[in-house]
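My entries follow in the order I made them.

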Amino acid sequence: MTLKLYDTATRSVREFVPLREDEVSIYHCGLTVQASPHLGHIRKEVVFDVLRRWLQYKGLRVKVVANVTDIDDKILTKSAENGEDWFALAYRFERELHDAYASLGCIPPTYEPRATGHVPEMLELTQELIDAGHAYVAPDGSGDVYFDVMSWPRYGELSGMKVDEMEPAADADPRGKRDPRDFALWKGHKQGEPETASWPSPWGRGRPGWHLECSAMAGKYLGDTFDIHGGGIDLRFPHHENELAQSAAAGRGFARYWMHNAWVTMAGEKMSKSLGNTALVSEVTKAYNPRAVRFFLLSPHYRSTIEFSPADEGTRGSLSEAEKAIERIDSFLKRGLELAAPTTSSPMPRWTTRGSPPSPRRWTTTSAHPPPSRRCSRPSGPAIRRSRTPTRRRSSTRYWPSPRCSTSSASTPARASGPTVTQAATSPPSSTASSAPSSSSGPPPGPRRTGPPPTPSATPWPQPA
């Protein structure tokens, strides 16, 4: 198999060679479940779903791990505003994420670890960084633990940025930091936060930092070194840069390839919950065929920006065209299946290739009221007779021809045994029935009826089986 991927770390297209033969390990950052998923979130899921399906089609076993961040500053803030428990809010939006997966036909990840379920692994990694001299405990007694950016010379290798050119985030908490660019590994419990949103640690109660959780969970389920790490392009810095720094500083190889998909924009701006310019997956899939929405997200290259504006004619036209494309694909597949499907009908008889089916008996019309006899079938139309003399059924009882069913025809000469039945029926009755044999050749004639023909019920002909 030859597959080439664009590696964000090396900024080049590289041939993909799995770490383990016949097996691929992928980790991509999941959703922070603070709100309903929008198209910007789900594009990453669709992109990696296609990659996964292709690798499986090529015969590789694929293990996909995508985390769920169910503890975060934004989750705590929104839950307090809504007056509900933070874990209830996170779980509600996590279910919506799974519904979005299903609506767009994405295979669920092999496993979706939650951040709150892996606090021990995060504490272990934090302690390793402290012991290695790459992390420190805040001296102000807050219980915060920070990664020392200046202690790691390779910091910035993923994004291509230099430490001297970096500026601290505007919303970063500066308390207890040696350098404004340092980032939190562990956050001490703050007054006013729910007690349930903190865990005990050697540095006091608190909760994990956002960047720490992915390094801990990827290492647990995929090993210290794995194949592909992915996510949206907006995660390249600082999130993925911090992940790589803390994992490599702890002596872990981490990801061998980095993949990032581009944004879905609205009116030229990144689709973001914080900006309020989102198109929810649940709403878009109600207005358009979900398969067309998936086709819309996959049509451009995964590293190309997609503009989505419901009021824009271009966007509506693109979605409508995607629906038509899905219809064309379905029609093509349906016709192909019909042509390729094996016939289940039985083989046609041989006579169908040579003309009409042969009939064992040929009939000609004679009179209007044939008796129900074996020699004269029982049609609903005019009386019929055979074109040849039928063979008598072997029986101990001798049956005589019916007066209304003549055995003679134009093609078959009359029997030489005296007058025919038809002649007997039309000739004047004789006072005596001759029983003497005829002087002509042939078998002796049978008795001749002189009265009216018997009724059908009195006819001694055997009924057809």
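I began with threonine 225, and its bridge partner in β10 is phenylalanine 254. Helices (H or I, at least four residues) and strands (E, at least two) are DSSP runs, numbered from the N terminus. This is a predicted model, in which local features need pLDDT of at least 70, side-chain atom pairs count only at pLDDT 80 or more, and totals for chains, interfaces and linings use all residues. Residues are numbered from 1 along each chain as its sequence is written, and side-chain values use heavy atoms, with hydrogens and water left out.

I then checked glycine 231, whose bridge partner in β10 is histidine 260. Strands β9 (residues 225–232) and β10 run parallel and are joined by 7 bridges; two strands pair if DSSP finds at least two bridges between them.

Next I looked up burial in β10 (residues 254–261): 7 of its 8 residues are buried, meaning under 20% relative accessible area with a 1.4 Å probe, protein chains only.

I traced the order of the open sheet of 4 strands as β4-β3-β9-β10, with parallel pairing. β4 (61–66) and β10 are the edge strands, each pairing on one side only.

Last, I noted the helices. Helix α5 (residues 210–222) packs on the sheet and touches β3 (23–28), β4, β9 and β10, where contact means heavy atoms within 4.5 Å. The direction of α5 makes about 160 degrees with that of β3; axes are lines fitted to C-alpha atoms, for helices over the stretch in contact, and angles run from 0 to 180 degrees between N-to-C directions. I found α6 lying across β9 and β10, at about 175 degrees to β10.

Key: Buried means under 20% relative accessible area, exposed over 50%, partly exposed in between (1.4 Å probe, protein chains only).
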